[in-house]
Amino acid sequence: MEQQVCESQFILQQKEFYEDAAKYWEKIPATVDGMLGGFGFISQTDIIGSKQFLKSLFQFPGLLPGRNYALDCGAGIGRITGNLLTKYFKTVDLVEQNPKFLEQAKLYLKNSLHRVGQFYSIGLQDFCPEPGKYDVIWCQWVLGHLNNNDLIKFFQNCKQALKSTGLLVVKENVTSSNVVEVDKEDSSITRPHSDLLTIFEKSGFKCIKEERQYHMPDGLYPVYMFAIKPCDN
Ligand SMILES: C[S@@+](CC[C@H](N)C(=O)[O-])C[C@H]1O[C@@H](n2cnc3c(N)ncnc32)[C@H](O)[C@@H]1O
């Protein structure tokens, strides 16, 4: 209850919530270790888990997502674009609020730049992707930077941006407690698993597959991957 009150206070202080996050990320080095809060060594495990999950979606009965266009949301320096998405999609766009990270992404992605499309330098709360463009929209370790209202609005925008066979993948920490936990240092929240499912539903999505990311170090939040698709497709 106390945590929920906390979150509504954050919603009320919306401008500060986003400004404080931007200030936090300005101080963070544009490296894999910076992107992963000092846990750069988990990157490979994370990418292996994501590859298995993504491959399973290409084989999922009745799904058939295309392989043309993906969008990496909260892309940072392009860790996921470079190690995962450009290996499966012809073109990948990146959206990221911090322009310094996007500049670094151009270097980090130098071997796969021919597969990179647009670099959008904007917060997800203000971003409206092009209608009908994407086969897969990948959101990882960023959605805790959006409050519930903005997250629902963002997902609804994503819904319009997916092709008819398109999917959205969410890979996020979830709380082990059943409440929202607030991190004042980076100005983010971590949601319980059940809150994420409620938000998917409120945004007009249904979850078709979920899996826990295993082999993460002890002491970190559990990490879950969800594949969600518009209810009306
Ligand atoms: C934990 S890092 C993860 C980066 C990347 N997804 C990865 O896994 O390597 C979070 C990223 O989200 C970005 N970010 C924070 N708030 C954001 C917002 N409102 N809109 C878009 N990106 C945001 C940060 O600048 C940072 O690059």
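Because the model is predicted, local features need pLDDT of at least 70 and side-chain atom pairs count only at pLDDT 80 or more, while totals for chains, interfaces and linings use all residues. Residues are numbered from 1 along each chain as its sequence is written, and side-chain values use heavy atoms, with hydrogens and water left out.

Let's begin with the ligand. Around the ligand are 19 residues, each with a heavy atom within 4 Å of it. The closest are Gly74, Arg79, Glu96, Gln97 and Gln125. By type, this shell divides into 9 nonpolar, 8 polar and 2 charged residues; here Ala, Val, Leu, Ile, Met, Phe, Trp, Tyr, Cys and Pro count as nonpolar, Asp, Glu, Lys and Arg as charged, and the others, Gly among them, as polar.

Now look for polar contacts, pairs of N or O atoms within 3.5 Å. A polar side-chain atom of Glu96 is 2.6 Å from an oxygen atom of the ligand. In Gln97, an N or O atom of the side chain lies 2.8 Å from a ligand oxygen atom. Leu124 takes part through its backbone, where a polar atom is 2.9 Å from a nitrogen atom of the ligand. On its own the ligand has 600 Å² of accessible area, and the protein covers 96% of it (Shrake-Rupley method, 1.4 Å probe).

Next, the cysteines. Counting cysteine sulfur pairs within 2.5 Å as disulfides, the model has 0. For Cys158, the nearest cysteine sulfur belongs to Cys73 and is 5.4 Å away. Cys158 is buried, at 0% relative accessibility (buried means under 20%, exposed over 50%, partly exposed in between; 1.4 Å probe, protein chains only). Cys231 has its closest cysteine sulfur in Cys207, 11 Å away, so the distance is too far for a bond. Cys231 is partly exposed, with a relative accessible area of 39%.

Terms used: A polar contact is a pair of N or O atoms within 3.5 Å; within protein, one must be able to donate a hydrogen and the other to accept it, and residues adjacent in sequence count only if both atoms are side-chain atoms.
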